[in-house]
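Could you walk me through the aromatic contacts in this protein? I have the structure open in a viewer and would like to know what to select next and what is there.

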Amino acid sequence: MTYKEQNKSNQWPIIGLVFTTLVIFVMSTYCFSTGWFIVHQNLFYIPIVISCMSFGRKGFVFSVFIAGAYLSLTLYFTKDSTILLQAFTRVLVFVIIAGIITFLSIKRIRMEEKLLNMSAQLKSVINSSSQVSIIATDLSGKIVTFNSGAERLLGYSAEEMMDKTPVFYHLESEITQRGRELTKELGYPVEGFEVLTAYAKKSGHETREWTYVRKDGSHLIVTIAVTPVCNDAGETTGFMGVATDVTERKKAEETLRDSEDKYRGLFVSSHDAIMTLDPPSWRFTSGNPAAIEMFKAKNEAEFLSYDPWKLSPEYQPDRRPSGEKAKEMIETAMRKGSHLFDWTHKRANGEEFSANVLLSRIEQRGKIFLQAIVRDITEQKKAEEELEAMTLDLQRKTELLELSNKELEAFSYSVSHDLRAPLRSIDGFSKAILEDYSDKLDEQGRNYLGRVCAACQQMAQLIEDMLTLSRINRSEMRHTQVDLSALAKSIADEFTQNEPQRKVKFVIAPSAMVTGDKQLLGIMLHNLMGNAWKFTGKHPSARIEFGITKKEETLVYFVADDGAGFDMKYADKLFCAFQRLHTPDEFEGTGIGLAIVQRIVSRHMGKVWAQGEVEKGATFYFTLV
Amino acid sequence: MQKQFLVLVEDRPDDIDLTLRAFKKNNIANEVVILRDGVEALDYFSARGKYAGRDLNERPAVILLDIKLPKVNGLELLKHLRADERTKLIPVVILTSSKEGKDVISSYELGCNSYVHKPISFEEFSEVVKNLGLYWLLLNEPTP
């Protein structure tokens with residue numbers, strides 16, 4: 001009911017009054033005309049009482065007017081002085097009674113108006129407060145008030161919610177959960193709407209956090225204060241819930257808690273020791289687990305009891321007293337804001353260790369203190385030292401290697417120079433004897449000298465091959481695109497031109513392009529094909545092939561012949577320097593060719609292997625990377 | 001015409017004898033001045049010490065120079081010869097057992113006119129010496 005509706009109901013006294021007054025006037029006039037004064041005299045009480053009770057001051061004026069009318073009527077109908085006196089007395093009593101009633105009525109009306117005003121104000125406050133949700137229900141839980149704050153918060157309109165219970169927009173699981181708790185606590189089954197009010201009913205008030213489910217399905221965290229609503233008689237007529245949206249606050253709280261957790265986590269899980277120190281004594285005020293572990297304290301309390309000045313040896317590595325230097329470091333940090341430096345610390349057990357220390361000045365709510373982050377770099381130092389030792393070792397080894405390489409170079413230089421010279425003398429003077437003293441020697445003598453010369457030639461060849469081998473190891477690699485097919489072709493041509501009488505068919509796979517040192521690859525191919533040429537020499541005709549095949553996705557090149565071949569049981573000796581599978585009588589050679597081939601292939605990060613059978617030929621495979 | 005002669009800078013007596021023998025065998029009768037080490041060669045070419053008073057205008061048709069020599073080696077000697085106004089135009093042939101690429105390159109860099117490897121076989125050696133003699137004494141036009 002609104003205020004205006006209440007005003008409308010106040011028209012009834014007027015209608016009643018007008019009607020009563022009219023009836024009384026008509027009846028009074030009739031009574032006067034018949035002389036029934038007694039009857040009409042009392043009839044006038046009725047409108048007076050009604051008007052005074054209902055209209056206060058206006059009613060009183062009206063009553064005086066009625067009293068006047070009554071006196072005038074009485075004067076009109078009689079001149080009897082007794083009756084007139086009686087009437088006058090009555091009018092006086094009327095007015096006094098009307099005055100008293102008016103006075104009382106005014107007081108009552110004023111109070112009523114005041115109350116009405118107040119309730120209207122309250123209503124308007126409840127309805128218009130949009131920041132707070134106010135929902136009132138009757139005893140059964142039916143919603144009777146649903147203010148604009150509730151509408152805004154929940155997204156439902158007041159009309160939609162009338163006669164529904166608040167459980168409708170509460171999170172069901174929460175109601176069930178709280179219901180179970182209350183059942184346990186209060187000792188009787190609590191469910192549904194009662195969950196929201198049971199506690200308030202018992203203790204007069206309850207404030208709790210709840211989750212609202214809005215019309216759009218989203219959740220809202222609210223604090224609801226529930227109070228029972230009582231009538232004048234003190235009986236509970238319903239409940240009122242005032243809800244405040246705390247989602248934002250909750251979020252802020254969570255964010256704060258998260259960030260606190262995060263920083264706490266950093267502090268707790270850090271491998272670096274983190275501690276705070278307060279001026280002016282610079283005692284520890286906090287220390288993380290890493291700090292406790294690092295300085296070998298039993299717990300934080302023990303750590304905090306340590307004197308920071310005692311956690312360093314007496315002197316730092318630069319021979320400065322730790323105390324004096326620490327003061328300087330702190331001063332620098334306080335001045336610059338932060339300061340990073342190397343420091344030697346001492347654990348509680350006396351063990352010293354190297355550390356990086358970062359001192360930072362922190363200002364929090366006007367309070368200044370220092371934060372120290374200490375990183376134990378013992379392991380790092382150790383690793384650095386190890387690395388340094390390793391580098392040194394490597395350097396020494398490299399130097400040794402360089403030295404031995406130089407020695408090798410000197411050796412081969414001397415081989416090339418000094419070993420050859422005596423050979424030349426042996427050969428030269430043997431020839432001189434053969435030429436100048438031929439007549440003084442018999443056939444055997446000449447034969448012996450011939451052997452000396454042959455041995456010289458052989459040794460010269462050996463020296464030559466050794467030098468080639470060492471040159472191949474030492475020579476610098478120049479990588480280019482090399483056409484192995486073209487190289488094979490030119491080698492084949494060279495052989496055919498040198499010994500045109502031989503019947504050898506060359507089969508050369510086209511366009512075998514590789515990346516490598518052209519000169520070395522040429523030497524390698526020359527050796528392989530030279531072997532094929534040499535070991536097919538005793539056959540009337542031969543076939544030599546240079547080809548490409550594939551083994552597990554890798555290109556494999558090969559040189560195959562159908563010559564003397566070899567026994568696979570000596571395959572591992574093939575590539576050793578100066579190892580021969582044939583006597584010089586069978587095939588000449590120094591046994592260096594395949595060793596050279598292997599060196600060249602391995603310098604190209606490749607592999608070489610052979611397959612053969614006596615008198616059925618040999619195939620040499622190689623890969624290049 | 002000035003008498004054509006050549007200079008052999010060689011420390012090994014065997015090689016000296018074999019070289020002379022090869023000249024003789026090939027009928028090259030020109031005088032061969034033999035210098036046994038780098039210092040002696042320097043003295044010879046600057047008319048000092050033992051060779052004081054030598055007429056420096058007498059220039060050999062060619063100098064046959066071994067690399068490996070006592071005291072001052074062949075390459076150092078070559079450097080001196082090329083630095084000296086009086087000798088810088090004399091043809092120098094490096095005659096050595098070395099086949100090292102390094103030696104060949106240094107020799108050419110220092111200004112030798114030819115680099116010849118001494119074969120071990122006397123027949124081949126003799127052939128080399130003959131060719132050298134014929135070329136430098138007969139074919140080649142000497143510096144005036």
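This is a predicted model: local features need pLDDT of at least 70, side-chain atom pairs count only at pLDDT 80 or more; totals for chains, interfaces and linings use all residues.

Over all chains, the count comes to 20 aromatic pairs.

**Stop 1.** Select A:F506 and A:W533. Their ring centres are 6.0 Å apart and their planes meet at 5°, so this pair is stacked; the cut-off for that label is an angle under 30 degrees. Now colour by secondary structure: A:F506 belongs to strand 12 (residues 503-508) of chain A and A:W533 to helix 18 (residues 518-535) of chain A, so the pair links distant parts of the chain, 27 residues apart.

**Stop 2.** Move on to A:F558 and A:Y621. This aromatic pair is tilted, with 5.9 Å centre to centre and 55° between the planes. Here, too, distant parts of the chain are linked: A:F558 is in strand 15 (residues 554-561) of chain A, and A:Y621, 63 residues apart from it, is in strand 17 (residues 617-622) of chain A. Both A:F558 and A:Y621 are buried.

**Stop 3.** Next, select A:F284, A:F295, A:F303, A:Y306 and A:F353 together. Ring pairs join these residues into a cluster.

**Stop 4.** Finish with two lysines. Show A:K164 with A:F168: the lysine lies over the face of the ring, at 5.4 Å from its centre. Then show A:K202 with A:Y199, where A:K202 lies over the ring face at 5.3 Å from the ring centre.

Key. Residues are numbered from 1 along each chain as its sequence is written. Chains are lettered from A and ligands numbered from 1 in the order in which they are written. Side-chain values use heavy atoms; hydrogens and water are left out. Rings of Phe, Tyr and Trp (its six-membered ring) pair if their centres lie within 6.5 Å; planes under 30 degrees apart count as stacked, over 60 as edge-to-face and the rest as tilted. Helices (H or I, at least four residues) and strands (E, at least two) are DSSP runs, numbered from the N terminus. Buried means under 20% relative accessible area, exposed over 50%, partly exposed in between (1.4 Å probe, protein chains only). A charge sits over a ring if NZ of Lys or CZ of Arg is within 6 Å of the ring centre and within 35 degrees of the ring normal.
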